[in-house]
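Here are a few friendly notes to read alongside the structure. Keep the 3D view open and find each residue as you go.

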Amino acid sequence: MQEYFDFLWKQTEDCLYIFDMRGAEDIRLYQANPAGLGYLKKTGGNPVGEPLAALFEPAGCEEIQRACRRCLDNGGISRCSMPVQDEQGDRLYLDVSLTAFHHDNETMIIFWGKDITPSMRLRQQREALLREYDRLFSCSVAGIGLVRLSPNAAPVLERSNETFNRFVSLIQTSPQYGDWNALFLDNIRQGIDSTRQVFFDINAQNRYFDVDILFIRENGVPLKAFVLVVNTTELVTLEKRGKANLTRREREILQLISKGSTNKSIAHTLGIAKGTVKKTIYNAYQKLQIQSRAEAVKYILSERENSL
């Protein structure tokens, strides 16, 4: 058994220490295996007999002291995870088991640390990704919905932000659609990334949205789908206004509106009937996707700026 222990002590890549518990705050290194020496601060001499503060960074030193106290309080056994630094100063993480025993009437603790740095770094990366994921949902101006897929059940909305929820409410109250699930069900079930435009007629005003469906796959099988919703009403409206083929008379009347003229004064100025003015204004509004004289003035002013 002693030969096996000696072999293990020298050959293992795990970090092994024996600490001499001289007091709650006075813990000294009694022995260290070759792998364990690589985790100690350089002391310029033999580290045996040195206190913890001389061998470990402050955070590691405090963690070892707490772990040793827990070990004694728990009947001689304890376990923890702790950060340490290697010879190059890189931060590493150890999964530590501590066992207390008595030797020559002295209390000793065997410290057995296994390097878990790769798994800890993966965990930290995962936590960072989750934070970014949460930030994406909470801060994005776009609507975001995460849909869980199952081969034997209908897609289920797993998570969504407030913008997406408002979009779903529009669908559910719209006579054009009525059910967001049915609206995108075919695209989601096909498991094909897609983009489509959706529009709603709300109080005689069209509102436009671009909807992208992006899938998360494992071994080629779609597991979840991100549904991204962007309100493109202003862009579509501007595009339509740019393509609006206004007649000379429509532009003439809009110019007079921008100067504050009433329908009656416009009719008098142009020598046409008041009903003709109203009909011409209605046609121009339809082409420009606007609803009021204020919007008409805004359009004329933007046209003047663009022509400069």
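1. Start with aspartate 95, which has a relative accessible area of 18%. That value makes aspartate 95 buried, because buried means under 20% relative accessible area. Please keep in mind that this is a predicted model.

2. Which residue does the side chain of aspartate 95 meet in a salt bridge? The partner is arginine 79, with 2.6 Å from N to O. Arginine 79 sits in strand E3 and aspartate 95 in strand E4, so look for two distant parts of the chain, 16 residues apart. Is arginine 79 buried or exposed? Arginine 79 is exposed, at a relative accessible area of 58%.

3. Side chains of opposite charge can pair when their charged atoms come close. One is a network that links Glu63, Arg66 and Arg70.

4. Now try helix H5, where arginine 135 and glutamate 132 lie three residues apart, about one turn of the helix. They form a salt bridge whose closest N and O atoms are 2.3 Å apart. Arginine 135 is partly exposed at 41% relative accessible area, and glutamate 132 is partly exposed at 46%.

5. Arginine 249 is partly exposed, with a relative accessible area of 29%, and glutamate 252 is partly exposed at 28%.

6. Step back to the sheet. Five strands make an open, antiparallel sheet in the order E2-E1-E5-E4-E3. Strands E2 (27-32) and E3 (77-85) are at the edges with a single partner strand each, so one side of each has no neighbour in the sheet. From one strand to the next, the twist averages 30°.

7. Look inside the sheet at strand E1 (residues 15-21) and strand E5 (residues 106-115), which pair in the antiparallel sense over six bridges. Aspartate 20 stands opposite methionine 108 in E5.

8. Finally, which helices meet this sheet? Helix H4 (residues 58-73) lies across E1, E2, E3, E4 and E5, and runs at about 175° to E3. Helix H5 (residues 117-139) packs on the sheet as well, touching E4 and E5, and its direction makes about 130° with that of E4.

Notes: Residues numbered from 1 in each chain as written. Predicted model: local features only at pLDDT ≥ 70, side-chain atom pairs only at ≥ 80, totals over all residues. Heavy atoms only, no water. Pairing = 2+ DSSP bridges. Helix = DSSP H or I, 4+ residues; strand = E, 2+ residues; numbered from the N terminus. Axes fitted to C-alpha atoms, helices over the stretch in contact; angles between N-to-C directions. Contact = heavy atoms within 4.5 Å. Salt bridge = Lys/Arg side-chain N within 4 Å of Asp/Glu carboxyl O. Buried < 20%, exposed > 50% of the residue type's maximum accessible area, 1.4 Å probe, protein only.
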